[in-house]
Amino acid sequence: MYSSHSRIAGHYTVENRSGMLDSGALDPINTSKRQPVLWFACAAMAAVCLIGNLGAIGLVGPDEPRYAWIARAMAETGDWVTPRLYGQPWFEKPILYYWAAALGFLAHLPAEWAARLPSAFSALALALALGWLASKHYAHSLDSLRSPALAAPLLFTSTVAAVGFSRSASPDMLLAASLTLAMASAAEVLERARALRAHVLPVHRQQAVPLALFGFFLALGTLAKGPAAALLAGGAIGLWALLTNQWRMAFRLARPIAVVAFAAIALPWYALCALRNPDFLRVFLVEHNFERYLTPMFYHREPFWFFLPIVLAALVPWTTLLWPAAREGLRLWQHKSWTDSPGLFFACWALFPVLFFSFSQSKLPGYVLPAIGPLALLCAVAGTRAAERSLEARLVLAGIGSSWLLLGMTLWRAALRDRVAISETSIVVFALLTAAVLVGVGLLGRFPLMVATCLCVVALSVETASLTVIPEVDPFLSARPHALFLRNDRHPERVFTYQLRRGWNYGLAFYFHRELPEWSPADPEAALVLTTPDGLTEIRRLGRFHGSLDEPYVGVLYVPIERESR
């Protein structure tokens, strides 16, 4: 195959000593036998991490029930253009998540599954894209956990970010997956143009298909969260072009076929929504994009360094692999062989979202989710390379095990803070035992064994928490059990809220299928008021309730308001 292209073949395969970020840094893994048992086990563990027990807890916070309401209303009304919250247009986010979740409601799935499946499937697509990228640029074999093609998706699916956001009813994971697929398509274009080294010589030189896919997936990201998708992709590619001086290759991604594919997918909904709603462009683009980024109008102001600990926490338990990844990147830079390195492209892709949103005046943890995928890929390759250096491997892998101590202590403090009725001692004991086992595995210096063990522990932890811990937490965080408790109330029209946080108001509204009005002290009639301890104090001060409550404080208080005497 390479006989007539020996010089080119050497370019792709000889430069193997430059380090992890070099595509040739990993020797090909040649095994004659495939291992379907390994594939099945990995798929099962990944499914538990990303999809298992999506309905273990009800919709929480202000965002999940609000987004779910809009998707359910879309399915009920048949209006697939204008997102509506309580009957009014709501332009905080674009349409893709609502479409995906509305399909779940049309299929009569449980509310939590309908609302969260789009994120779960997006996380799965992201993981598969990472495996495909690793197979193209590092090692194509899927017969061993020594291969980044198998390790990269498994590392991603077992991170805190993947487990958490795959269970979030929000468009964050849809954006991350769309951007990952778009960047994978961009990498394919650059590889076929020989701007990026690959594990094997590219067979196809035609770029029409990957260019069209680049525009298609970038359009999906734009339908998921707006212009941020194009900004993040363009910024990452621009950073790579700046460092490598390959601007001509970067502009290749803006060829007409990519632009047409992007416009054909993204623009129709934006145009139709703007025609039906004259305020759409002002509210969505100006208020929820430009003003959100440039001003603290949404009260999410954080320091510039806010995302540094967020990224480190999001990668748990694999955070310590950033150290060998950084060392290999530095070595690659010193060897002057980084200009066509795929690792540099992935590093720019991971770095730019963190830098871009660090300058934003509004910061939320989900903003840097698009960086976690490429970081997991780089960590997988770094772990494979570190396994060849026994002392470093032992220290790094032992650090992976010790991260479970930090995770356990965080959960323990959360249980104490929220007064959850579970044994805090059991959390500490589980964290200590898990950390001891994983540190022991790490000291053996075997990266594949650590991947397998850690994946099993994460899957077991997720499943155990879903069956034992989360049901105890549910009443403290979700309105679902409270709505079920009050479902057969004899006077539903006399159920009110009072001084609740907005997350509880959105959650109760979703599960009651209507907005619950705020109780007014001027209302003289008897009522049942859902409130907080502070609200109860105020009601007592007003003389509308005397005595004590029969139920303890579990998320909300049920306060029977007495009819005002005249």
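## A residue in a loop

Where is the place of asparagine 53? In this predicted model, asparagine 53 is found in the loop between α2 (36-50) and α3 (63-77). Its phi is near 55°, a positive value in a residue other than glycine. With a relative accessible area of 27%, asparagine 53 is partly exposed.

Tyrosine 86 lies in the loop between β1 (84-85) and β2 (88-89), and it is partly exposed, with a relative accessible area of 23%. As background, most residues other than glycine have a negative phi, and most peptide bonds are trans.

## A cis peptide bond

Valine 316 and proline 317 are joined by a cis peptide bond, with omega at about 10°. To find proline 317, look in the loop between α14 (307-314) and α15 (322-334).

## Rings that pair

The structure holds 27 aromatic pairs. One of them brings together tryptophan 240 and phenylalanine 345: the ring centres are 5.9 Å apart and the planes stand at 85°, so the pair is edge-to-face. This pair links distant parts of the chain, with tryptophan 240 in helix α10 (residues 228-244) and phenylalanine 345 in helix α16 (residues 342-358), 105 residues apart. Both tryptophan 240 and phenylalanine 345 are buried.

What about tyrosine 270 and phenylalanine 284? Their ring centres are 6.0 Å apart and their planes are at 50°, so this pair is tilted. Tyrosine 270 belongs to helix α12 (residues 256-276) and phenylalanine 284 to helix α13 (residues 280-294), 14 residues apart. Tyrosine 270 is buried, with a relative accessible area of 12%, and phenylalanine 284 counts as buried at 1% relative accessibility. Ring pairs also join these two to Phe91, Trp269 and Phe280 in a cluster.

## Arginines over rings

Some rings have a charged neighbour. The charged end of arginine 66 sits over the ring of tyrosine 506, 5.0 Å from its centre. Arginine 72 lies over the face of phenylalanine 510, at 4.0 Å from the ring centre.

Helix α9 (residues 208-225) packs with α10 at an angle of about 130°, and their axes are 7 Å apart. The two helices are therefore oblique to each other.

Which residues of α9 and α10 meet? From α9 come Phe214, Leu218, Gly221, Thr222 and Lys225, and from α10 come Ala228, Ala229, Ala230, Ala233 and Ile237. The residues of this contact divide into seven nonpolar, two polar and one charged.

Note on methods: Residues are numbered from 1 along each chain as its sequence is written. This is a predicted model: local features need pLDDT of at least 70, side-chain atom pairs count only at pLDDT 80 or more; totals for chains, interfaces and linings use all residues. Side-chain values use heavy atoms; hydrogens and water are left out. Rings of Phe, Tyr and Trp (its six-membered ring) pair if their centres lie within 6.5 Å; planes under 30 degrees apart count as stacked, over 60 as edge-to-face and the rest as tilted. Helices (H or I, at least four residues) and strands (E, at least two) are DSSP runs, numbered from the N terminus. Buried means under 20% relative accessible area, exposed over 50%, partly exposed in between (1.4 Å probe, protein chains only). A charge sits over a ring if NZ of Lys or CZ of Arg is within 6 Å of the ring centre and within 35 degrees of the ring normal. Axes are lines fitted to C-alpha atoms, for helices over the stretch in contact, and angles run from 0 to 180 degrees between N-to-C directions. Angles under 35 degrees count as roughly parallel, over 145 as roughly antiparallel, 65 to 115 as roughly perpendicular and the rest as oblique. Contact means heavy atoms within 4.5 Å. Ala, Val, Leu, Ile, Met, Phe, Trp, Tyr, Cys and Pro count as nonpolar, Asp, Glu, Lys and Arg as charged, and the others, Gly among them, as polar.
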